[in-house]
Structures are given as structure tokens and as C-alpha cells.
Amino acid sequence: MAIRFRYQNLTEGPILKKLIAFAVPMMVGNLLQQVYNLTDTIIVGRAVGREALAAVGASYSLMTFLTSVMIGLCMGCSACMAMSYGADRPEEMREKIWASFWMIGGVTAAIIITVYAFEIPILHILRVPEDTFELMREYLKIIFGGIVFTFLYNYFAFLLRAVGNSVIPLLYLGSASILNIFLDIRLVLGAGLGVKGAAIA
């Protein structure tokens with residue numbers, strides 16, 4: 001059975017109008033992605049203290065570095081998918097979807113295994129101060145346990161963008177940002193879970 005896509009065709013019609021309609025949701029989405037760490041930073045910094053704030057801030061740089069590998073792969077594969085979609089070759093696109101999903105999923109699994117296996121050496125390489133070491137370790141354990149969901153979001157977001165739909169990823173990201181703020185308030189401020197609560201959120 002052939003795949004049939006009903007999304008925006010960016011190869012026909014006025015370029016500027018379609019380009020703006022496609023690009024604006026992506027730009028807003030990039031801003032929303034910063035809300036996660038900003039929310040954790042503000043709430044943890046005010047409610048828990050300097051050590052917890054330092055742990056969350058230091059964790060963000062490591063998370064960004066490792067997830068950038070995964071996001072880069074998703075972006076590159078989406079370009080290949082977009083070419084097949086634009087050329088109206090659905091079967092070729094189907095093959096690219098499955099191949100890229102398992103490849104990037106495998107890289108994600110390798111990242112998770114590596115972080116858990118070499119967690120302490122990695123923190124030592126990053127020269128994490130002793131007063132934030134355990135807090136950062138606790139935060140990263142929970143964060144990287146959920147990185148599979150980061151992979152799933154980015155993979156399907158780039159897949160949708162490959163066929164001209166940049167709105168659905170934005171709606172999902174907006175909903176997730178609101179949920180993160182709510183859970184941060186409930187778990188960090190309400191339940192008093194500190195850094196662990198921010199990571200769970």
C-alpha cells in the first residue's frame with residue numbers, strides 16, 4: 001500500500017508566502033525549546049538554592065552537546081525524505097523513514113548507554129565542582145532516562161517538516177512547555193523534590 005501525504009506542497013505556488021508560513025512556526029518552536037531550561041533555572045534557583053541552580057545549568061551544556069548529535073541526524077535524514085516527497089516517490093520515502101528511524105534510534109540508545117556507563121568519568125572531565133557533583137548526577141540520571149522521548153519528538157517533528165508541516169510540531173512543543181512549567185511548580189515548589197522534581201518535569 002502506497003503512502004499518501006496530504007501536507008503543504010512547497011514546490012508549487014508563491015514561494016515567499018509559503019516560506020514564511022513554514023518558517024515562522026519553526027522559529028517559534030526554537031524559542032519554546034529554550035523554555036524548558038529557563039523554567040528549570042528560574043524555579044530551581046529560587047526554590048532550592050545556588051548549588052541546585054549550578055547543577056541544572058551545567059547539565060544543560062552536556063544535554064545540548066549530546067542531543068545535538070541526535071537532532072543533526074534527524075535534520076539530515078529529513079532532507080533526504082523531503083527530496084523523495086518532493087519527487088513524489090512514496091515507496092522510496094517509506095524506505096528512508098524506516099532506515100533513518102532505526103539508525104537514529106540506535107544512536108540514541110548508544111548515547112543513553114554511554115552516559116549511564118561513564119557517568120562519573122564524564123562529570124570529572126567536565127570538572128563539575130564537588131558541591132554540585134551529586135546534584136548534577138541525580139539530575140542527569142533522570143533526564144537521560146527520558147531522552148528516548150526527545151528522540152521521538154525530534155524524529156517525527158523533522159519528518160512532518162519534510163512534508164511541509166511545521167505547525168503540528170509547534171503545537172506539541174507548546175503543550176509540552178506548558179506541562180513542564182506546571183510540573184516544575186508542582187514537583188519542585190509543591191512536593192519539594194528539588195533538582196529531582198525539575199528533571200522529572
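At 29% relative accessibility, E138 counts as partly exposed, a class that lies between buried (under 20% relative accessible area) and exposed (over 50%), computed with a 1.4 Å probe on protein chains only. The model is a predicted one, in which local features need pLDDT of at least 70 and side-chain atom pairs count only at pLDDT 80 or more, whereas totals for chains, interfaces and linings use all residues. Residues are numbered from 1 along each chain as its sequence is written, and side-chain values use heavy atoms, with hydrogens and water left out.

The side chain of E138 meets that of K196 in a salt bridge with an N to O distance of 3.7 Å, a salt bridge being a side-chain nitrogen of Lys or Arg within 4 Å of a carboxyl oxygen of Asp or Glu. This pair links distant parts of the chain, with K196 in helix α8 and E138 in helix α5, 58 residues apart; helices (H or I, at least four residues) are DSSP runs numbered from the N terminus. K196 is likewise partly exposed, at 34% relative accessibility. Salt bridges that share partners also join R89, E92 and K96 into one network, and a search of the whole structure finds six salt bridges.

Other pairs lie within single helices. In helix α5, E134 and R137 are three residues apart, about one turn of the helix, and their side chains form a salt bridge of 3.9 Å, N to O; R137 is partly exposed at 22% relative accessibility. In helix α3, R94 and E91 are also three residues apart, about one turn of the helix, and the closest N and O atoms of their salt bridge are 3.4 Å apart. R94 has a relative accessible area of 29% and E91 one of 39%, so that R94 and E91 both count as partly exposed.

D184 is buried yet has no salt bridge, and the nearest side chain of opposite charge, R186, is 11 Å away, where Lys and Arg count as positive and Asp and Glu as negative, His and the chain ends not being counted. Beyond residues up to four places away in sequence, D184 touches T39, D40, I43, L189, G197, A198 and A201, contact meaning heavy atoms within 4.5 Å.

The largest pocket holds about 1,000 Å³ of space. Of the 31 residues that line this pocket, the closest to its centre are Q33, Y36, M63, I143 and T150. On a 1 Å grid over the protein atoms alone, a pocket is an open set of points where a 1.4 Å probe fits, with protein on both sides within 12 Å along at least five of seven lines, and lining residues have an atom within 4 Å of a point. At least two lining residues come from each of α1 (15-47), α2, α5, α6 (147-162), α7 (167-190) and α8 (195-200).

D88 is found in the loop between α2 (50-86) and α3 (90-117) and is exposed, with a relative accessible area of 64%. R127 lies in the loop between α4 (119-125) and α5 (130-145) and counts as exposed at 74% relative accessibility.

Notes. Points joined across faces, edges and corners; volume = space filled by probe spheres on them.
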